[in-house]
Amino acid sequence: MILYTFYRFWGHQPRNRAVRTSHVFLSVLILLAVLSLNLTGCKETAPQEDAVTTDFQADTVFAVGEKRVSLPEWYLYACPQIATDEAMYGSGIWDYQVSEDRGTLARIMKEDIYEQISYIKIVAAQAEKLGITLNEDEKSDIEANTMDYMSLLSKEQKDRYGITEDIVRSVYSDNVLAMKVYENLTLNIDTDIPDEQVRHMVIEYIYAGKAYETPEDTTSRYTDEELRDIRSRLDALYQKAVEDPSITRLSQLDNEQYGAVELVCDYSELKNRFPADIASKVFNMRENEILGVFDTPEAFFIIDCLDINDEDTTNAAKIAIIEQRQRDLFDREYAKWQADTVIKINYSVWDTITIE
């Protein structure tokens with residue numbers, strides 16, 4: 001059974017569900033010193049959620065259900081992501097206006113961080129309801145990671161951002177619990193997939209087109225006599241391939257005019273390259289079987305099956321489908337949790353956070 005970890009899952013979410021969340025768990029492994037956040041007077045528009053600005057602790061940015069998000073926790077998510085973008089694009093990117101509706105990159109980043117933290121909090125909050133807890137090994141790993149991270153920070157950094165062991169430990173714990181919730185819900189996903197959707201085979205084929213490019217960059221069709229000659233040449237190649245015991249693949253024919261092309265393909269790719277009836281025959285070929293000469297309106301083909309099942313690409317296709325099923329299932333559950341969760345924004349803190 002494939003366990004699609006929560007961290008990888010985040011990396012495939014659309015932007016409006018925190019597209020940068022693939023960095024989340026790793027965020028507590030990067031020094032905060034690489035970025036400074038200016039906390040003065042920004043009036044950016046906050047995300048559209050149930051907004052209440054009373055009864056907050058002084059450093060609360062927002063609350064997700066019963067869970068508060070403090071400024072230090074915000075920094076743990078924000079700083080490494082901002083630093084990564086600045087390292088790639090420069091520190092001047094934040095004033096770039098993406099669109100009139102979306103605003104600047106700074107605004108988009110700020111809202112992305114808000115969304116990813118909310119996402120994690122909502123998912124992690126389901127752990128207790130599902131009877132999911134951290135085991136001793138996980139607690140030990142979290143403790144070790146917390147100590148390692150804290151050892152990277154100077155006293156100045158800790159004081160500036162308010163980073164404490166408890167906050168780092170909490171961020172690690174939320175991520176691990178969210179991952180376990182995801183795995184718990186998707187563990188028994190249906191892994192039965194039709195062969196036609198995933199099996200990749202390795203073939204070689206010789207292609208002889210029935211038309212050619214003229215010097216004037218136009219396409220001209222061969223005459224009937226020329227086509228009969230091409231067909232005769234392909235028939236001879238086919239006979240040699242199936243009758244000569246030293247020939248184990250078409251490329252060994254070593255024909256300069258009609259060279260063999262190797263292709264790793266699934267049934268869908270076969271149907272894109274060949275007519276449906278030929279694609280079906282090829283997909284059901286035996287290993288080392290050679291078929292031809294196929295005559296289509298566009299070309300002649302000889303096809304050799306080298307491997308009926310390329311394990312690497314077949315397994316990758318299976319994983320992709322299973323992971324998509326897991327994401328779809330989890331998205332449906334998450335939508336319910338999100339609808340039942342009230343998010344309250346503390347605008348007196350939110351409005352002071354500036355990315356620049």
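Q: What should I know about the model before we start?
A: The model is predicted, so local features need pLDDT of at least 70 and side-chain atom pairs count only at pLDDT 80 or more, while totals for chains, interfaces and linings use all residues. Residues are numbered from 1 along each chain as its sequence is written, and side-chain values use heavy atoms, with hydrogens and water left out.

Q: OK, how many aromatic pairs are there?
A: There are 13 aromatic pairs in the structure. Rings of Phe, Tyr and Trp (its six-membered ring) pair if their centres lie within 6.5 Å; planes under 30 degrees apart are stacked, over 60 edge-to-face, and the rest tilted.

Q: Why is the pair of Tyr 114 and Trp 350 edge-to-face?
A: Because their planes are at 75°, with the ring centres 5.6 Å apart.

Q: And where do those two sit?
A: Tyr 114 is in helix α3 (residues 105-124) and Trp 350 in helix α13 (residues 347-350), so the pair ties together parts 236 residues apart in sequence. Helices (H or I, at least four residues) and strands (E, at least two) are DSSP runs, numbered from the N terminus.

Q: Buried or exposed, that Tyr 114?
A: Tyr 114 is buried, and Trp 350 is too. Buried means under 20% relative accessible area, exposed over 50%, and partly exposed in between (1.4 Å probe, protein chains only).

Q: What about Tyr 182 and Phe 330?
A: They form a tilted pair, 4.8 Å centre to centre with 55° between the planes. Tyr 182 belongs to helix α7 (residues 165-186) and Phe 330 to helix α12 (residues 311-339), 148 residues apart. Tyr 182 has a relative accessible area of 0%, and for Phe 330 the value is 0%.

Q: Back to Trp 350: which residues form an aromatic cluster with it?
A: Phe 62, Trp 74 and Tyr 114 form one cluster with Trp 350. Lys 110 also lies over the face of Trp 350, 4.5 Å from the ring centre. A charge sits over a ring if NZ of Lys or CZ of Arg is within 6 Å of the ring centre and within 35 degrees of the ring normal.

Q: New topic: what order do the four strands of the open sheet have?
A: The order is β8-β5-β10-β9, with antiparallel pairing. Two strands pair if DSSP finds at least two bridges between them.

Q: Which strands stand at the edges?
A: β8 (260-265) and β9 (290-295) do, each with a single partner strand, so one side of each has no neighbour in the sheet.
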